[in-house]
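Please examine the sequence and the three-dimensional structure shown below.

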Amino acid sequence: MELNRPKEAIAAFQRVLFFGDEGFQQKVFPNIAKCYFLLEDFSTASRYYDLAYFAATTDSVKTDFTFKKIESLVREKSFPFAKVELYNLPEELSPVLSNKKSFYSGVIHYALGEYEESKASFLNIVPEDAKQKAIIESFSKLTKVEKINPKKARIMSMIIPGLGQFYAGDVRNGINSLVLNGSFAYLTLQTMFNYSIWDAAISILPWYQRYHMGGYNRAEEAAHEKIRRKKAEIFQEIIITVASAQQPMEMTRSNQSSTLNKYARENSN
């Protein structure tokens, strides 16, 4: 059955499951999983790949479905569950499948912040010394990224509005915060001197407090965003290096490659 219309295909496969016997499960479960994968319902796809795994009768087919479930979980960003599935793979694998396992292991550990494990997995599939050096250099950049402290950005903007944004690299909003808060501070002082502290507290201070609080909250968010962006950039570097070293391998030509590149673009770790 063609899967170019996955919704209709799912309904048809469900009818086959309902009216057919258990012998149909080996063929139907993988096709339903593939349909949900095409619909980008990766959670349901992973569940059906799990059913396909238990319906399979050979180890090689079970391994194939485990890899497909891992891919679905990675696309869903369910990295802890994907990590568990890695342990369900057999120890003895062909060179191609062993590389694929290491590839996913590197991605999953990176997403979980387990960088040493991730580095070891990627180095395992890059035979060239030059490429290994490039991967090591990419991972070394994470040391600098991890020094970015969102709480520090927040406190800096509490003390001097805009300073936390400058620290996080958000110059535009830093200038905006500095100007706005400086203007309200000036108006508050002018109102205090020309009228009274009470008038300043009622008319200007609430606005100053609002923009000041918003400023240091945005500074913290900007620092978090900078961390996510830098980690995504480093991840892309790593994937490009691995892909360039593994061009002949099936794993970098198949949709596993697009999965990892898509994650690299969307990375929110």
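## Basis of the report

The model is predicted, and local features need pLDDT of at least 70, side-chain atom pairs count only at pLDDT 80 or more, and totals for chains, interfaces and linings use all residues. Residues are numbered from 1 along each chain as its sequence is written, and side-chain values use heavy atoms, with hydrogens and water left out.

## Helix 11

Helix 11 covers residues 171–194. Helices are DSSP runs of H or I with at least four residues, numbered from the N terminus. The end C-alpha atoms of helix 11 lie 34 Å apart, which agrees with the 34 Å that its 24 residues should span at 1.5 Å a residue; the expected span is 1.5 Å times one less than the number of residues.

Gly174, Ser177, Asn181, Phe184, Thr188 and Thr191 of helix 11 are buried. Buried means under 20% relative accessible area, exposed over 50%, and partly exposed in between (1.4 Å probe, protein chains only).

## Nonpolar patch

Ile155, Met158, Ile159, Ile160, Leu163, Phe166, Val171, Ile175, Leu178 and Val179 make a nonpolar surface patch of about 850 Å². Patch residues have over 30% relative accessible area and no salt bridge; nonpolar side chains (Val, Leu, Ile, Met, Phe, Trp, Tyr) are joined within 5 Å, and like charges within 9 Å. Areas come from the Shrake-Rupley method with a 1.4 Å probe, and for residues only the protein chains shown count as cover. A salt bridge is a side-chain nitrogen of Lys or Arg within 4 Å of a carboxyl oxygen of Asp or Glu.

Helix 9, helix 10 (163–167) and helix 11 each supply at least two residues of this patch, and helix 11 gives the largest share, 4 residues. Valine 179 lies in helix 11 and counts as partly exposed because its relative accessibility is 48%.

## Positive patch

Lys144, Lys147, Arg229 and Lys230 form a positive surface patch. Lys and Arg count as positive, with the charge placed at NZ of Lys or CZ of Arg. Lysine 147 is located in the loop between helix 8 (129–145) and helix 9 (150–159), and its 63% relative accessibility makes it exposed.

## Positive phi angles

Most residues other than glycine have a negative phi. Glutamate 40, in the loop between helix 2 (25–38) and helix 3 (42–55), has a positive phi near 65°. Its relative accessible area is 49%, so glutamate 40 is partly exposed.

Lysine 77 also has a positive phi, near 65°, and is found in the loop between helix 4 (59–76) and helix 5 (79–86). With a relative accessible area of 29%, lysine 77 is partly exposed.
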